[in-house]
Amino acid sequence: MIQNRIEILNGDITALGVDAIVNAANNSLLGGGGVDGAIHRAAGSELLEECKTIGGCPTGEARITRSYNLPAQWVVHTVGPIWYDGTQNEEEMLAACYRNSLALAKEHGIQTIAFPAISTGVYRFPMERATNIAIRETVQFLQKNNQIAKVILVCYGDRAFKIYREALKNILSEIL
Ligand code: ADP
């Protein structure tokens with residue numbers, strides 16, 4: 001059942017012992033602030049060394065690395081769009097981040113994966129819109145693919161947590 005395969009959690013994604021955590025990276029893949037900085041700090045400098053060998057990542061795409069000192073096994077790095085005004089293909093690019101990250105996870109036999117709220121920090125994507133995209137893409141992927149057992153959508157703070165729970169309830173009630 002789909003509703004048992006999506007979980008919403010309020011907390012620090014770097015602490016999760018899942019198969020993969022997703023990083024909201026930038027095009028360079030060489031680290032940054034926010035969740036990216038937290039992941040690199042927790043993983044240790046070997047993560048940056050591996051990222052340097054990748055040569056960057058276009059917006060909407062995803063790349064995978066090992067996770068070094070993190071409790072998770074893998075890090076999927078995806079680059080969310082910077083929000084301008086909604087006319088620059090921002091929604092489609094954010095959706096692509098979720099789809100491409102999940103597809104890459106599937107290719108690597110990953111069964112449990114945790115996402116942060118991609119683009120909703122420094123990249124200023126409105127939280128409600130981003131949340132709806134995150135949940136819809138996750139649900140659609142899980143409906144088509146049985147290999148991934150659980151997707152954890154990680155919020156950082158009570159405001160995001162409330163928005164995510166409300167959106168999940170609404171989207172599940174539409175489809176179930
Ligand atoms: P972006 O540049 O894609 O906007 P940010 O890292 O600035 O990326 O923010 C993305 C989201 O990650 C924000 O909602 C922020 O609150 C959240 N976040 C920041 N640190 C963590 C963390 N340690 N665990 C989970 N989420 C986090």
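This briefing describes helices, nonpolar cores, cysteines, an aromatic pair and some individual residues of one structure.

The model is predicted, so local features need pLDDT of at least 70 and side-chain atom pairs count only at pLDDT 80 or more, while totals for chains, interfaces and linings use all residues. Residues are numbered from 1 along each chain as its sequence is written, and side-chain values use heavy atoms, with hydrogens and water left out. Helices (H or I, at least four residues) and strands (E, at least two) are DSSP runs, numbered from the N terminus. Buried stands for under 20% relative accessible area, exposed for over 50%, and partly exposed for what lies in between (1.4 Å probe, protein chains only).

**Helix 5**

- Helix 5, made up of residues 158-175, has 18 residues and reaches 26 Å from its first C-alpha to its last, close to the 26 Å expected at 1.5 Å a residue; the expected span is 1.5 Å times one less than the number of residues.
- Its buried residues are A160, F161, I163, Y164, A167, L168, I171 and L172.
- Seen down the axis of helix 5, these buried residues fall within an arc of 160°, so they line one face of the helix; the arc is that of the directions from the helix axis to the C-beta atoms.
- An α-helix has 3.6 residues a turn, so residues three or four places apart point the same way.
- The exposed residues D158, R159, K162, K169 and S173 are carried on the face of helix 5 turned away from its buried side.
- The cover over the buried residues of helix 5 includes strand 1 (6-10), helix 3 (90-107), helix 4 (127-144) and strand 6 (150-155), where contact means heavy atoms within 4.5 Å.

**Helix 3**

- The 18 residues of helix 3 should span 26 Å at 1.5 Å a residue, and its end C-alpha atoms are 26 Å apart, which agrees.
- Among the buried residues of helix 3 are E90, L94, C97, Y98, S101, L102 and A105.
- After helix 3 comes G109, whose phi is positive, near 70°.

**Nonpolar cores**

- A nonpolar core is a set of buried Ala, Val, Leu, Ile, Met, Phe, Trp, Tyr and Cys residues joined through side-chain atoms within 4.5 Å.
- The largest nonpolar core has 42 residues, of which I113, F115, I135, I148, V151, L153 and Y164 touch the most other members.
- Two or more residues of this core come from each of strand 1, strand 2 (20-25), strand 3 (62-66), helix 3, strand 5 (112-115), helix 4, strand 6 and helix 5.
- Not counting residues up to four places away in sequence, I113 touches A20, V22, S101, L102, A105, I148, K150, V151 and I152.
- Another core, of 18 residues, lies apart from the largest one, and L16, I21, C51 and V79 are among its members.

**Cysteines**

- A search of the whole structure finds 0 disulfides, a disulfide being a pair of cysteine sulfur atoms within 2.5 Å.
- The sulfur of C51 is 10 Å from the closest cysteine sulfur, in C57, too far for a bond, and C51 counts as buried at 0% relative accessibility.
- C57 is likewise in no disulfide, with the nearest cysteine sulfur, that of C97, 8.1 Å away; at 4% relative accessibility, C57 counts as buried.

**Aromatic pairs**

- The structure holds 2 aromatic pairs; rings of Phe, Tyr and Trp (its six-membered ring) pair if their centres lie within 6.5 Å, and planes under 30 degrees apart count as stacked, over 60 as edge-to-face and the rest as tilted.
- W83 and F125 form an edge-to-face pair, 4.7 Å centre to centre with 65° between the planes.
- This pair links distant parts of the chain, with W83 in the loop between strand 4 (74-79) and helix 3 and F125, 42 residues apart from it, in the loop between strand 5 and helix 4.
- Both W83 and F125 are buried.

**Individual residues**

- Y68, in the loop between strand 3 and strand 4, has a positive phi of about 55° although it is not a glycine, and Y68 is partly exposed, with a relative accessible area of 30%.
- S119 lies in the loop between strand 5 and helix 4; its phi is near 75°, a positive value in a residue other than glycine, and S119 counts as buried at 5% relative accessibility.
- D19 is found in the loop between strand 1 and strand 2 and is partly exposed, with a relative accessible area of 25%.
- Leaving aside neighbours within four places in sequence, D19 is in contact with A72, Q73, W74, I110, Q111 and T112.
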